[in-house]
Amino acid sequence: MTKPHEELELGQFIPLHYHFHMLNDNARVSSFKMAIEHVVRPGARVLDLGGGTGVLSFFAARQHARVWCVERNPQLVHEARKILARNHYPGEVEVIEADAFSYLPPEPVDVVICEMVHVAMLREKQIPVIHAFKQRYLEKFGGPLPLFVPEAFIHAVQPVHQSFNFEGYYAPAPLFQEPCATQNRTWELGPPAIYQTACYAETLPAHCNWDGEITIERAGTLNALRFITKNILAILPQQGRSIDWHSQYMVVPLEEVIEVEAGQKLRVRFNCAPGDPLDALRPEVFAC
Ligand SMILES: C[S@@+](CC[C@H](N)C(=O)[O-])C[C@H]1O[C@@H](n2cnc3c(N)ncnc32)[C@H](O)[C@@H]1O
């Protein structure tokens with residue numbers, strides 16, 4: 001559950017103009033569209049938790065589904081109703097102003113869509129919301145659980161050298177990057193190391209801890225770690241592939257820089273919980 005002071009933090013409260021920025025993120029929107037078209041069958045009942053402008057509910061309703069779109073921010077509830085009314089789809093969408101931590105649909109659903117995802121599962125409440133939903137749902141309706149979009153996630157961490165020099169002003173602060181794109185101010189010193197994987201239908205982690213090893217492949221000055229979250233939106237076993245979407249990468253500066261050599265192993269340790277604020281992630285790096 002969110003605490004009162006968190007309600008005003010970005011991630012819990014997302015201003016309307018930022019929703020249009022998210023709509024403009026073509027990789028995000030097109031991957032969700034593809035996954036929803038794959039998973040939602042005609043006549044399906046769908047719950048969209050954290051519906052925002054209603055875009056993901058719209059994709060489901062276009063598949064002839066009946067959708068409950070749950071949004072807590074009254075401004076977004078109003079906007080979603082208005083925007084959905086301007087679009088055409090053969091299904092039905094009901095926009096409900098409610099808290100995803102406590103809402104349950106009036107009948108069992110086939111699919112739950114939930115996009116409250118932030119890199120490293122920080123800031124937004126994706127994991128606590130789905131964990132609470134599963135408990136309430138099973139108590140009220142019994143099994144089976146619906147399908148989840150996304151179905152799973154993979155977390156990785158990568159050693160990098162990051163330029164924190166801005167026109168001569170040195171400001172090492174966490175920064176976000178477009179995923180899977182060339183970054184000309186970031187030098188990759190080693191490959192990403194996977195530190196956590198989970199499926200939403202299974203038991204979800206209460207912590208995003210790690211105490212593990214990374215390998216350096218290129219000598220340089222290690223001054224940051226890059227956190228990567230790959231969201232598996234839908235698994236297509238017959239086609240042997242999945243529909244994926246990477247959250248924005250997050251580069252976290254280290255308290256102390258380390259000169260590293262190719263072949264060196266380093267120990268990385270961090271300890272935070274899903275939904276924690278960004279500053280809860282304070283990774284430490286030690287020579288092995
Ligand atoms: C990352 S946005 C995604 C919006 C939309 N689904 C999309 O894909 O564009 C997350 C949305 O979840 C809403 N939200 C956050 N916590 C919520 C809660 N506890 N109950 C209902 N909505 C919530 C936010 O207001 C925001 O609109």
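Biologist: How many bridges join β1 to strand β2 (residues 66-71)?
Modeller: This is a predicted model, in which local features need pLDDT of at least 70, side-chain atom pairs count only at pLDDT 80 or more, and totals for chains, interfaces and linings use all residues. Numbering starts from 1 along each chain as its sequence is written, and side-chain values use heavy atoms, leaving out hydrogens and water. Strands (E, at least two residues) and helices (H or I, at least four) are DSSP runs numbered from the N terminus, and two strands pair if DSSP finds at least two bridges between them. β1 and β2 run parallel, and the bridges joining them number five.

Biologist: What handedness does the crossover from β1 to β2 have?
Modeller: The chain passes through helix α3 (residues 55-61) on its way. With the strands pointing away from the viewer, a clockwise path from the first strand over the helix to the second counts as right-handed. This β-α-β crossover is right-handed.

Biologist: Which residue is the bridge partner of Leu47 in β4?
Modeller: β4 also runs parallel to β1, with four bridges between them. In β2, Leu47 has Trp68 as its partner. In β4, its partner is Val112.

Biologist: How far apart are the end C-alpha atoms of helix α5 (residues 126-141)?
Modeller: The expected span is 1.5 Å times one less than the number of residues. For the 16 residues of α5 that should give 22 Å, and the model agrees: the ends are 22 Å apart.
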